[in-house]
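Subject: Handing over a structure

Dear colleague,

I am passing on the structure below, together with some notes on what was found in it. Please keep it open beside you while you read.

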Amino acid sequence: MEKFNILEGIAAPMPLINIDTDMLIPKQFLKTIKRTGLGENLFFEMRYDQNGNEIKDFILNKDHYSKASIIVGGANFGCGSSREHAPWALKDFGIKCIISTSFADIFFNNCFKNGILPIIVSEDLHQILLQDAEMETTSIMKIDLENQKIFRNNGNQLDFEVDEFKKYCLLNGLDDIGLTLKSANKISSFEKEYSDKFSWS
Amino acid sequence: MKIMAKSRTLYDKIWDNHLIQTENNVSLIYIDRHLVHEVTSPQAFEGLREAGRKVHAPKKTIAVPDHNVATTSDRLTNFGSEEGRIQLETLDKNARDFGINYYAVDDIRQGIVHIIGPEQGWTLPGMTIVCGDSHTATHGAFGALAHGIGTSEVEHVLATQTLIQQKSKNMKVEVSGELGNGVTAKDITLTIIGKTGTAGGTGHVIEYCGNAIESLSLEGRMTVCNMAIEGGARAGLIAPDQKTLDYVKGRPNAPKGEKWDKAVKFWKTLFSDPDAYFDKEIFLKAEDIAPVVTWGTSPEDVLPITDFVPSPDNFQGSKVEAAKRSLEYMGLRPGQKLQDIEVDAVFIGSCTNGRIEDLREVEKIVKGKKVKSGIRAMVVPGSGLVKKQAEEEGIANSLKEAGFDWRMPGCSMCLAMNPDQLLPEERCAATSNRNFEGRQGRGGRTHLMSPAMAAAAAITGRLTDVRDI
């Protein structure tokens with residue numbers, strides 16, 4: 001996994017609440033057996049009309065925001081299915097960080113597994129960042145994961161919280177399976193004890 | 001002095017039994033059953049191959065194609081799409097290469113993964129069950145800790161039979177009293193989401209309890225737990241009782257003989273201690289629950305069928321804009337009577353409501369009647385065995401005579417990955433679980449409801465109060 005440390009980029013405002021995984025990547029693109037190439041279909045139904053032409057009003061179709069690497073999104077971002085195609089599509093498009101007041105559980109986890117940093121902020125901070133994102137001139141933000149800071153365009157610094165272990169994995173680009181397999185002995189002794197006790201399982 | 005053990009919830013107990021280690025607030029838990037389907041697994045198996053890894057516990061891993069399979073009778077040769085064919089072929093190859101349990105599309109036991117898990121006795125009380133699908137919560141009806149995972153986690157479970165987790169909080173949803181006429185498990189679960197919102201359960205595992213929940217059959221309980229995810233929860237749970245044991249006993253993969261007795265003894269310890277602590281508690285009276293439908297594009301947009309389409313002004317904050325957008329998408333105007341909304345299609349099926357009892361409910365409503373002319377009504381049984389049983393009970397015939405299209409099992413129009421899709425602006429009474437924009441096909445308009453309510457809509461051609469039929 002790619003390491004995440006400092007990200008500086010354009011933040012796109014998407015204040016709509018309950019942005020679900022069907023919006024992020026509709027079902028017809030789940031037929032792939034690859035992780036790559038989903039970016040062009042990110043937000044497919046919001047981004048393209050029935051004839052496949054770009055819908056000009058859609059934020060990520062605007063010249064400036066088409067280069068966004070951050071989304072400031074509405075509450076309960078990523079609700080719906082467990083499809084990891086959603087973060088794969090975001091990543092493929094170039095989104096590396098999403099800021100919201102809340103995320104759906106599975107999506108939140110899936111982001112970290114793909115080098116995307118989801119940041120939960122308070123309502124107040126969210127409003128500020130949303131306003132920043134809405135103006136092209138203030139929409140460039142810097143995210144410093146190591147020091148857990150968001151730098152606004154005017155130089156202001158905002159703190160954010162992140163789980164220690166998830167931060168460690170992102171900073172070092174660590175693969176979970178490799179980490180878990182370090183505990184292989186512990187797993188096998190647990191497994192033995194467990195299958196003795198719960199023989200039917 | 002006797003040392004009292006700390007009071008624990010059912011979730012706490014299952015968690016403790018499966019906890020391998022906790023380091024820096026991150027836990028590794030052991031997984032009893034890993035259910036796999038064709039859409040969220042190819043990349044995980046590819047990852048294993050690239051790293052030269054094996055499936056750690058192939059006997060605990062069960063694969064079945066469901067999301068993408070065609071539901072037409074010629075589906076063994078007609079896949080609906082070339083990509084769909086490749087995805088099925090990939091699962092087939094992966095299942096055989098890695099030696100995991102597998103129900104191929106031509107196997108009568110094939111069906112929606114969350115229907116066949118319980119049906120085949122893979123799902124047992126007290127287990128941890130995961131699947132690369134958010135509706136894994138369904139299995140919580142057995143008192144199993146069951147939840148959806150992403151594909152990276154699928155790979156992790158395949159490789160290690162464990163999952164990295166942080167413990168969720170405990171939430172209790174108690175429904176007490178007697179359910180009214182025409183009120184089903186679906187109405188309970190939708191009403192709960194209507195009350196708590198789609199993020200109401202975020203970060204929590206919900207335990208559903210109370211005598212209204214206890215009164216439900218296992219199939220009804222599965223419907224309730226299935227939609228825990230729509231309420232934002234990681235999982236939903238119902239403590240096992242005699243009904244649970246009766247359902248499980250004799251299933252192909254359920255324990256037998258001495259092992260059964262030992263298991264039952266343990267399963268009887270699976271309940272929340274009387275004074276266990278819940279971080280959040282919700283109480284509902286069964287009498288206050290009516291047959292409901294959704295009006296918008298979020299599962300929290302729930303109202304009793306006797307109600308009216310709301311105005312965005314009824315809401316606050318960011319929900320105002322969301323409601324505006326929903327109404328526009330759904331082609332509805334505030335104040336419209338819900339029962340005046342005409343439908344074009346009816347979809348009966350999915351892991352929420354694709355089981356035999358659901359089909360029986362539908363038959364009760366439609367037997368001897370006709371689907372209103374011009375309405376496309378489709379029934380997709382949840383598994384080959386559900387289909388067979390419905391055919392043996394005469395349900396299939398009643399439904400076909402009424403004008404329903406009787407299909408082969410799969411997820412079908414719940415997520416519309418296969419050719420079973422709504423057309424733009426086509427309006428559907430659906431027994432599935434999500435009414436998101438585009439969920440059942442681009443521009444399609446979904447109203448979620450119980451099987452009985454969807455059956456009633458098929459007859460009248462509009463959203464209908466099942467109590468009037």
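Helices (H or I, at least four residues) and strands (E, at least two) are DSSP runs, numbered from the N terminus. Counted in that way, chain A has 8 helices and 7 strands. This is a predicted model, in which local features need pLDDT of at least 70, side-chain atom pairs count only at pLDDT 80 or more, and totals for chains, interfaces and linings use all residues. Residues are numbered from 1 along each chain as its sequence is written, chains are lettered from A and ligands numbered from 1 in the order in which they are written, and side-chain values use heavy atoms, with hydrogens and water left out.

The C-alpha trace of chain A spans about 60 × 45 × 25 Å along its principal axes. Of its 201 residues, 61% count as buried, where buried means under 20% relative accessible area, exposed over 50%, and partly exposed in between (1.4 Å probe, protein chains only).

One residue to look at is Thr40(B), which sits in the loop between strand E3 (33-36) and helix H2 (42-51) of chain B. Thr40(B) is buried, with a relative accessible area of 6%. Contact means heavy atoms within 4.5 Å; leaving aside neighbours within four places in sequence, Thr40(B) is in contact with His85(A), Gly132(B), Thr151(B) and Val154(B).

Next come the pockets. On a 1 Å grid over the protein atoms alone, a pocket is an open set of points where a 1.4 Å probe fits, with protein on both sides within 12 Å along at least five of seven lines, and lining residues have an atom within 4 Å of a point. Grid points are joined across faces, edges and corners, and a volume is the space filled by probe spheres set on the points.

The largest pocket has a volume of about 1300 Å³ and is lined by 48 residues, of which Phe108(A), Asn109(A), Phe112(A), Lys113(A) and Lys166(A) lie nearest its centre. The second largest pocket, with a volume of about 930 Å³, is lined by 26 residues, and Leu16(A), Glu45(A), Met46(A), Arg325(B) and Glu437(B) are those nearest its centre. Helix H11 (318-330) of chain B is among the elements that each supply at least two residues of this second lining, and the largest share of that lining, 6 residues, comes from H11(B).

With best wishes
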